[in-house]
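Here are my notes for you, written as numbered points. Keep the structure open beside them and look up each residue as you go.

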Amino acid sequence: MMIQGKGNIVRYEQIDESAAGQRIDNYFLRIAKGVPKSHIYRILRDGEVRVNGQRVSQTYRLCVGDEVRIPPLRLARSFMALPSFVGAPLPVVFEDEFFMVLNKPAGNAVHGGSGISSGVIEQLRAQRPELRMLELVHRLDRETSGLLIVAKKRSALTALQDMMRKGSVEKRYFTIVAGQWPNPLQHVHAPLLKYLTESGERRVRVSEAGKPAYSVIRLLKRWQRFSMLEVELKTGRTHQIRVHLSHLGFPLVGDDKYGNFLLNRMLANDGLRRMFLHAAKLAFIHPIKGGEMMFELPLPAELESFVGRLDRWDAGR
């Protein structure tokens, strides 16, 4: 399908399994990157978009075999001026016809927005134009490294997201916090509430008015001033690990939102210039084929190096 910045070319697209079940407004938002949302909703309201020759509402869910009329789409000027975003190839841990698992580098947002023109998903779509569908199954914070699932089929996306909601996907993270964590195993139930700061930044805090959030924390190693933990997420709330641990008095090292900012500056001078949070393990049943899937990633070099420095600091005391 071609998206035209000029001219009066109309295209017709036949819906296959990759888009079946998706709302038509979300379908257009996905295929028409750079087209203003207001324009997409206007052509839907005005009936310029037709499915099987009929007008449909923006909430219509596409079916296999539907023929969608795609009118000329107007690209935003700022988007037309941007170069194509490709970047270095993203490391793929696993891939089949239904989904792939990436090793997301720290510092890469998973999607564009909030001043970020392109994220991992936009980069992946640019690198793999032959794939008709690529959608994030879940998200990782920008400074978090590690395992990230991207769906290649609509059936896999809906199944995996349903498994996430039901807690059927095991997700474990490695982190280092300031302080000596006291317990070998601790279950944390603390509801989380999203809010905006006075400057308009998104934040999360523990609040009885928030949504239920459940983390299982295991002590892996302890130094004189720091502790390494494995955190298993039973729910997937925004900033859950960071807020739970900060609320308990053990901020993640390098965390620029909820951390110890003076300590972060000291550690940055010593070489740790990112948050120590790594999505290390994923385990789930294949959503289409069945069978157990398990993925593990070691710490990236910069985090492994920090662990080595902690060992040397304690050995030298």
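1. Start with Lys 281, which stands opposite Glu 296 in strand E16. E16 covers residues 292-296, and five bridges join it to E15, with the two strands running antiparallel. Bear in mind as you look that this is a predicted model.

2. To find the spot, look for Phe 174, whose bridge partner in E15 is His 278. E8 and E15, on the other hand, run parallel and are joined by two bridges. Here, Gly 146 stands opposite Ala 279 in E15.

3. Is E15 largely enclosed or open? Seven of its nine residues are buried, so the rest of the structure largely encloses E15.

4. Next, take helix H8, residues 301-315. Its 15 residues reach 21 Å from the first C-alpha to the last, close to the 21 Å expected at 1.5 Å a residue. Which of its residues are buried? They are Leu 303, Phe 306, Val 307, Gly 308, Arg 309 and Leu 310. The cover over these buried residues includes E15 again, along with strands E8, E9 and E14 and helix H7.

5. H7 itself (residues 261-269) holds Leu 262. This leucine counts as exposed because its relative accessibility is 52%, and the cut-off for exposed is over 50%.

6. You'll find it in helix H6, residues 240-247. Leaving out residues up to four places away in sequence, Arg 242 touches Asp 141, Leu 252, Asp 255, Asp 256, Lys 257, Tyr 258, Met 275 and Leu 277.

7. On to the salt bridges. Side chains of opposite charge can pair when their charged atoms come close. The count here comes to 26 salt bridges. One of them joins the side chains of Glu 13 and Arg 132, at 3.1 Å from N to O. Glu 13 sits in strand E1 and Arg 132 in the loop between helix H4 and strand E7, so this pair ties together parts that are 119 residues apart in sequence. Glu 13 counts as buried at 14% relative accessibility, whereas Arg 132, at 48%, is partly exposed.

8. Arg 42 and Asp 46 also meet through their side chains, at 2.9 Å from N to O. Arg 42 is partly exposed, with a relative accessible area of 31%, and Asp 46 is partly exposed at 43%.

9. Last, look at Glu 232 and Lys 234, whose side chains form a salt bridge at 3.0 Å, N to O. Glu 232 is buried, at 7% relative accessible area, while Lys 234 is partly exposed at 38%. Which residues belong to the network around this pair? Glu 170, Arg 172, Arg 218, Glu 230, Glu 232, Lys 234 and Lys 281 are linked by salt bridges. That brings you back to Lys 281, the residue opposite Glu 296.

Note on methods:
Residues are numbered from 1 along each chain as its sequence is written. This is a predicted model: local features need pLDDT of at least 70, side-chain atom pairs count only at pLDDT 80 or more; totals for chains, interfaces and linings use all residues. Side-chain values use heavy atoms; hydrogens and water are left out. Helices (H or I, at least four residues) and strands (E, at least two) are DSSP runs, numbered from the N terminus. Contact means heavy atoms within 4.5 Å. Buried means under 20% relative accessible area, exposed over 50%, partly exposed in between (1.4 Å probe, protein chains only). The expected span of a helix is 1.5 Å times one less than its number of residues. Two strands pair if DSSP finds at least two bridges between them. A salt bridge is a side-chain nitrogen of Lys or Arg within 4 Å of a carboxyl oxygen of Asp or Glu.
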